[in-house]
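Welcome to this short briefing. Take a moment to turn the model around on your screen, then read on topic by topic.

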Amino acid sequence: MFAGSLLADADRQGPLPAGGPDLIAALERSGLRGRGGASFPVGTKWRSVAGRAGGGAVVLANGAEADPLNRKDQTLLSSRPHLVLDGAFLAAQTVGANEVILYVGERHRTAQAALARALGERPAPQRSRARIVIAPPRYVAGEETAAVNYIETGVAVPTATPPRPFERGVDGRPTLIQNVESLARAALVARQGESAGGMILVSVSGAVAVPRVVEVQVGSTVGEAIDVAGGLAGPPRAVLVGGFFGTWLDVGSAWDLRLPGGCGAITVLSAGISPLAEMARMVRFLAGESAAQCGPCYFGLGALAATCERIAGGQAQALDLERLRRWSGQVVGRGACRHPDGAAGLVHSALQVFQPEFAAACRTVGQVAA
Ligand SMILES: Cc1cc2nc3c(=O)[nH]c(=O)nc-3n(C[C@H](O)[C@H](O)[C@H](O)COP(=O)(O)O)c2cc1C
Ligand code: SF4
């Protein structure tokens, strides 16, 4: 296995090195970036919270992971809970936090149990500063301002306006929100040095021989990650990179693509599955996951889902393709969080990659209407 592996090594690895300014510098030199989606540099985030904390900050380890195509964080929490705790406590020591919140998805029971057991094995001073909060099973609950709102009020809805959590988060305190894999990687950098940040977990699913979470080097290609999952199982139609907020690619261009930072999920669509039915199912899911507080997101995603369903069900109307194009452009940047942007990216890429299927479905209906 490679240096800095999360999945191959034993969970507990002896005393933790101390956190502090040297660790921030090491994280910056390591180039480690967040693994929760936005790919923001970890060292920079720790420095900005440390600069304003004065000892009363909060560390929020984000293990909500509600994307049905992603399993990397639940797998990590289940197999290496102590390493995630190492990263969270190192972060707390480094940024001046007196509370650690471990935010874990409601459906991830094995991960919850593993984390609770590991926390019980930690020294009393760490146990007394940490608590596990179960995130509701909603896609948007993992968005960082929704997580803060949920912890404060019990309602997981995002906030668009400043201040951001690193300035004023949980209970008005500076809050370092970091994906659980980012924290585990930070602990490896502390233990093993700067080169230990160079691997990434990817959940590989769909038409592959062994669907599972793999660990590859940052900069690996999509094809290499699929090969680690045993390679293709039958003829593929397309590859989705990045889960429900991801981008569809045809197999040729996906194969040599370098994994985008924070991507986390690759799904191979079998040639035997209808891409139109798959899109109808996915966009309906995303529409149902809207927090329903921004009109363009709530109504826009609902309209996109209804249109996809009409097309997939052989009921396309003459203007449906044009509607998908126009509406998927119009919802971008129009919500309090990036939920509509993620859905729009999925639709936009599907229109390109599945152009023959969309065109055929709409043409057939046009002929029937004529
Ligand atoms: C709709 C939505 C859902 C999200 N869900 C998660 C999630 O489940 N886990 C996560 O770590 N980040 C999630 N994020 C990203 C977080 O807002 C935040 O950027 C991340 O937790 C920061 O950690 P990182 O810098 O280590 O990546 C989500 C973002 C959006 C817009
Ligand atoms: S953009 Fe959508 S998911 Fe995000 S806050 Fe607004 S309604 Fe909720």
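How many helices and strands are there in the chain? There are 15 helices and nine strands. Please keep in mind that this is a predicted model. The chain is as compact as a globular protein of its length, because its radius of gyration is 21 Å, close to the 21 Å that the globule rule gives for 370 residues.

**The chain as a whole**

- Along its principal axes, the C-alpha trace spans about 75 × 45 × 35 Å.
- Of the 370 residues in the chain, 50% are buried.
- Take the contacts in the chain with a separation of 6 or more: 70% of them are between residues 24 or more positions apart.

**Domains**

- The domain assignment divides the chain into domain 1 (21-197), domain 2 (199-270) and domain 3 (275-369).
- Between the C-alpha centres of domain 1 and domain 2 there is a distance of 26 Å.
- Where these two domains meet, 15 residues of domain 1 are in contact with 13 residues of domain 2.
- On the domain 1 side of this meeting place, helix 3 (residues 72-79) gives the largest share, three residues.
- Sorted by class, that side of domain 1 has three nonpolar, six polar and six charged residues.

**A closer look at helix 3**

- Is helix 3 largely enclosed or largely open? Helix 3 is largely enclosed by the rest of the structure, because six of its eight residues are buried.
- The buried residues of helix 3 are K72, D73, Q74, T75, L76 and L77.

**Strands that pair up**

- Start with strand 5 (residues 199-206), which you can follow to two partners, strand 9 and strand 6.
- Strand 5 and strand 6 (residues 212-217) run antiparallel and are joined by six bridges.
- A hairpin of five residues links strand 5 to strand 6.
- To find one of the bridges between them, look for S203, whose bridge partner in strand 6 is V213.
- Strand 5 also runs parallel to strand 9, with four bridges joining the two.
- Here S205 has T267 of strand 9 as its bridge partner.
- Strand 7 (residues 236-241) pairs with strand 9 as well, this time antiparallel and through five bridges.
- In that pairing, V241 has I266 of strand 9 as its bridge partner.
- Is strand 9 (residues 265-270) mostly covered or mostly open? Strand 9 is mostly covered, with five of its six residues buried.
- As a general point to take away, side chains in a regular strand alternate between the two faces of the sheet.

- You will find V222 in helix 9 (residues 222-228).
- V222 counts as buried because it has 25 C-beta neighbours inside 10 Å, and the cut-off for being buried is 20 or more.
- Which residues is V222 in contact with, leaving aside its neighbours within four places in sequence? They are V239, V241, A254, W255, L257, L259 and I266.
- V222 and A265 are 43 residues apart in sequence, and their C-alpha atoms are 9.9 Å apart in space.

**Around ligand 1**

- Ligand 1 is surrounded by 23 residues, and the closest are G34, G36, G142, N179 and S182.
- Strand 4 (residues 175-179) gives the largest share of this shell, three residues.
- By class, the shell around ligand 1 is made up of eight nonpolar, ten polar and five charged residues.
- Why does ligand 1 lie between domain 1 and domain 3? Ligand 1 lies between them because both domains give residues to its shell.

**Around ligand 2**

- There are 15 residues around ligand 2, and those that come nearest are A291, C294, C297, G335 and H339.
- Helix 12 (295-312) and helix 14 (339-353) each supply at least two residues of this shell.
- Domain 1 and domain 3 each give at least three residues to the shell around ligand 2.
- Sorted by class, the shell around ligand 2 holds eleven nonpolar, four polar and no charged residues.

How values were computed. Residues are numbered from 1 along each chain as its sequence is written. Chains are lettered from A and ligands numbered from 1 in the order in which they are written. This is a predicted model: local features need pLDDT of at least 70, side-chain atom pairs count only at pLDDT 80 or more; totals for chains, interfaces and linings use all residues. A residue is buried if 20 or more other C-beta atoms lie within 10 Å of its own, exposed if 12 or fewer, and partly exposed in between; C-beta atoms are placed from the backbone. Two strands pair if DSSP finds at least two bridges between them. The radius of gyration is taken over C-alpha atoms; the globule rule is 2.2 Å times the number of residues to the power 0.38. Two residues are in contact if their C-beta atoms, placed from the backbone, lie within 7 Å. A residue is near a molecule or strand if its C-beta atom, placed from the backbone, lies within 6 Å of it. Ala, Val, Leu, Ile, Met, Phe, Trp, Tyr, Cys and Pro count as nonpolar, Asp, Glu, Lys and Arg as charged, and the others, Gly among them, as polar. Domain bounds come from an automatic or database domain assignment.
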